[in-house]
Structures are given as structure tokens and as C-alpha cells.
Amino acid sequence: REKQIVDVTLESMEQGISMFDEELNIVVHNEKFNDMFSLPAEVLEQNSNIEALFRFVAKRGDYGPGDIDEQVHQRMELTRKFEAHHFERETLDGRILDICGNPAEGGGFVTTYTDITERKLGENKLKSAYEIISDSIDYAARIQRSVLPDNTLFSSLLADHFVLWEPRDVVGGDIYWSRMWGDGFLIILGDCTGHGVPGAFMTLIATGALDNALSDIAGGQVTQLMQRLHQLVQGTLGQHGEGAESDDGMELGICYLGADLDKVTFVGARFELYIVENGSVSTIKGTKSGIGYHSIPHIQEYEEFEVVNLPGKVFYMTSDGLVDQVGGKRNRMFGKKRFRELLLEINDKPMKNQQECILGALVEYQGEQRRRDDVAVIGFKVE
């Protein structure tokens with residue numbers, strides 16, 4: 001009765017199973033094991049030694065080209081150690097088996113054989129899809145970086161500056177520009193909705209809208225430039241009328257320096273300009289409306305601010321990825337207060353070093369927390 005129970009149990013298993021005694025003679029196996037390896041009855045007869053099984057399989061070519069005696073010898077050496085083993089093996093007909101063997105009490109060992117062909121095929125398809133997607137995103141990152149300005153214009157017009165641009169993923173939703181416009185010079189930092197691929201799409205939309213807006217608006221009319229940029233983004237996304245299917249946009253800060261470089265004109269769409277001077281930090285808060293969003297009027301107006309007496313002043317703009325990052329001992333946001341304190345601590349350093357300090361402070365504060373958003377910070381001195 002017990003033997004019948006064992007036999008029924010073995011034959012109902014989805015896995016192949018075999019048991020060899022301390023003399024390496026086969027004691028138990030089920031039909032699934034036979035099916036997996038297509039072994040003839042004489043190889044699997046009671047008390048048949050595992051060496052005969054190895055030799056049959058080697059002659060059949062399962063182990064590939066090579067000396068059969070050597071192939072059998074190597075496997076017998078490993079088998080006689082009676083150690084636990086786990087590996088994958090591909091059969092002649094292309095199936096992939098997961099083989100797991102463990103020593104048995106009193107000698108010998110028990111081995112199970114699981115057909116994982118379908119799982120492996122699925123893993124390979126998933127890996128292939130991942131590689132295609134990764135390659136596409138990497139290529140998209142090169143495209144996104146190509147629309148960002150190089151350092152030439154910043155360096156030629158500003159006394160000192162830095163640009164910290166750290167996408168959370170390979171591509172991101174933060175973007176910065178520097179453009180000549182009329183007789184002056186634009187410095188722009190934007191934070192689009194989303195990050196990763198959706199955010200990157202938004203930055204390309206914003207870049208195209210900016211190119212058109214600069215053509216539509218005469219140089220120096222900064223508030224009109226912001227309004228026109230809002231209208232173009234809103235129109236491109238179909239968010240300017242009833243039935244809009246999306247509600248996306250961006251927050252943006254624009255600094256404009258005229259031909260004489262004697263003042264900074266700032267317009268912010270839910271964006272702030274930080275100014276460090278004489279050991280203190282002041283903040284200019286932009287209009288509380290972003291650009292492009294469905295709920296914002298198509299003719300939204302944006303307030304304009306002018307900053308004069310530029311010697312000794314240092315200007316900063318940041319996306320919310322820095323101040324919103326969670327970390328620290330209490331798992332709270334970095335916050336604007338901590339950012340202002342950091343600006344005062346590093347104010348006497350060259351701009352390049354300031355960039356390193358800001359990134360270092362972020363990384364240290366973030367700790368083991370995951371980066372929440374893209375991070376972008378611009379700092380500059382005019383004189």
C-alpha cells in the first residue's frame with residue numbers, strides 16, 4: 001500500500017525525479033524523468049548505475065563534442081562528492097531544465113528536474129524588450145541633451161555661472177535655455193509636469209513653443225514672451241478650450257539681461273528668483289500661475305520685476321526637485337529655508353564649486369531615499 005502511494009505520488013508530479021543510492025545505483029525515478037531525457041528502459045532498469053546513464057547520454061551527444069570517456073569521468077568525479085548542486089541545462093531538443101540535487105540521508109542523493117523552457121523564453125522576450133526600450137530612451141536622452149545650450153553663451157556674457165541639471169531618470173522634465181533675444185540675453189529654467197519619458201516629451205514641446213514665441217515677441221518684452229509661451233504650449237496640448245483631455249504644463253523662470261547688462265528683468269510662472277547679497281537672501285516670487293495648464297486663462301498676464309545695481313548680487317533659480325526632496329533624519333522635504341541657508345554658506349565660493357556643494361548637499365540629505373524628481377539649479381553673476 002505504501003509503495004502504491006509513493007508510485008502514484010511520483011507519477012503525478014510535474015517534475016522529473018530520480019534517486020541514487022550510496023553506490024550510485026538508480027533506486028527511484030518517475031516517468032517524467034524518462035520523458036525529459038528520452039532514456040531507454042535498459043539504462044533505467046533497477047540498480048542501473050549512474051555511470052551507464054552518463055555514458056549513454058554522452059554517446060548521444062548531449063554533452064557536445066569531446067572525448068566521451070573524459071566527459072563521463074568528469075561527471076563521475078563531481079557526483080562522487082555527494083554535494084548539493086543546482087544548475088540549468090539545455091537538452092538536444094531545445095528544452096531548458098532546472099536541475100536541483102541534494103544528498104539523501106544514509107547516502108546517495110535525490111534530484112529533481114523542472115522544465116523551465118517557457119519561463120526562459122518569457123525572460124528572453126522580456127530582456128529583449130527591455131534592451132529595445134533602454135536603447136530608445138538612451139537615444140532620446142541624446143536628443144534631449146542636444147537641444148540644451150552649450151556653455152559658450154553663458155561664459156561669454158556672465159562673470160561666473162553654473163548649471164546643475166540632474167534628471168531623476170535617463171531623460172527628464174527639467175530644461176534650461178540661454179538665448180540671444182533682441183539686444184539682450186535670456187536665461188530660462190523650466191520644470192515640466194512629470195519626469196522620465198513624459199517629462200522629456202514636455203520639454204521638447206516647450207522648446208518648440210519657445211522658438212516660436214521668440215519669433216512672435218519683440219526683444220525685451222519679457223512678460224509678453226511668457227504669455228505667448230503659455231498660449232503656444234496650451235494650444236499645442238489642446239488645453240485652451242472645452243473638452244481638453246490633458247492638463248499638463250510647466251513652471252518657468254525667465255531672466256533677461258539687456259544690452260548694457262545693467263539690470264535683470266525677471267518674470268516667473270510659479271517660479272522664484274533668489275538673490276544673495278551682503279550676507280542675506282531675498283526672494284522674488286513670480287505669478288502664481290504656471291503655463292500651459294487647462295485652468296489658466298489663455299490671456300493670462302505675468303508680473304515683471306526689475307533688479308538693478310547688479311555688482312555684488314548673485315542670482316539663483318531652482319526647480320522644485322531640490323526643495324521637495326525627502327530625506328534627513330525625519331524624512332522631511334529639503335525645503336526652501338534649507339536651500340536659502342545653503343546659498344549663504346557657499347556664496348563666497350566660485351560658481352563651479354557652488355554647483356558641487358549643492359549637489360553634494362542634496363545627495364547627503366537624500367540618503368537612502370529615492371530621488372523624487374528631476375533637479376535643476378542655475379546660478380549666475382553678471383558683474
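**Pairing, packing and burial in a predicted model**

Modeller: Let's start with strand β1 (residues 16–20) and strand β5 (residues 109–115), which pair in the antiparallel sense over five bridges. This is a predicted model, where local features need pLDDT of at least 70 and side-chain atom pairs count only at pLDDT 80 or more, while totals for chains, interfaces and linings use all residues. Residues are numbered from 1 along each chain as its sequence is written, and side-chain values use heavy atoms, leaving out hydrogens and water.

Colleague: What makes β1 and β5 a pair?

Modeller: Two strands pair if DSSP finds at least two bridges between them, and β1 and β5 have five bridges, so they qualify. The strands themselves are DSSP runs of E, at least two residues long, while helices are runs of H or I of at least four, all numbered from the N terminus. Within this pair, I17 stands opposite T112 in β5.

Colleague: How many residues of strand β10 (residues 264–269) are buried?

Modeller: Six of its six residues, which is how β10 comes to be described as mostly covered. In a regular strand the side chains alternate between the two faces of the sheet. On one side of β10 sit V264, F266 and G268, on the other T265, V267 and A269, and all are buried.

Colleague: Which strands run antiparallel to β10?

Modeller: Strand β9 (residues 250–257) is joined to β10 by six bridges, and β13 (residues 304–307) by four. Y256 has T265 as its bridge partner in β10, while V264 stands opposite V307 in β13.

Colleague: Why is α5 called roughly parallel to α7?

Modeller: Helix α5 (residues 117–147) and helix α7 (residues 196–216) pack at about 30 degrees, with axes 11 Å apart. Angles under 35 degrees count as roughly parallel, over 145 as roughly antiparallel, 65 to 115 as roughly perpendicular and the rest as oblique, so α5 is roughly parallel to α7. The axes are lines fitted to C-alpha atoms, for helices over the stretch in contact, and angles run from 0 to 180 degrees between N-to-C directions.

Colleague: Which residues of α5 and α7 meet?

Modeller: I137, Q144 and V147 in α5 meet V197, A200, T203, L204 and T207 in α7. By class, this contact of α5 with α7 has five nonpolar, three polar and no charged residues. Here Ala, Val, Leu, Ile, Met, Phe, Trp, Tyr, Cys and Pro count as nonpolar, Asp, Glu, Lys and Arg as charged, and the others, Gly among them, as polar.

Note on methods: Contact = heavy atoms within 4.5 Å. Buried < 20%, exposed > 50% of the residue type's maximum accessible area, 1.4 Å probe, protein only.
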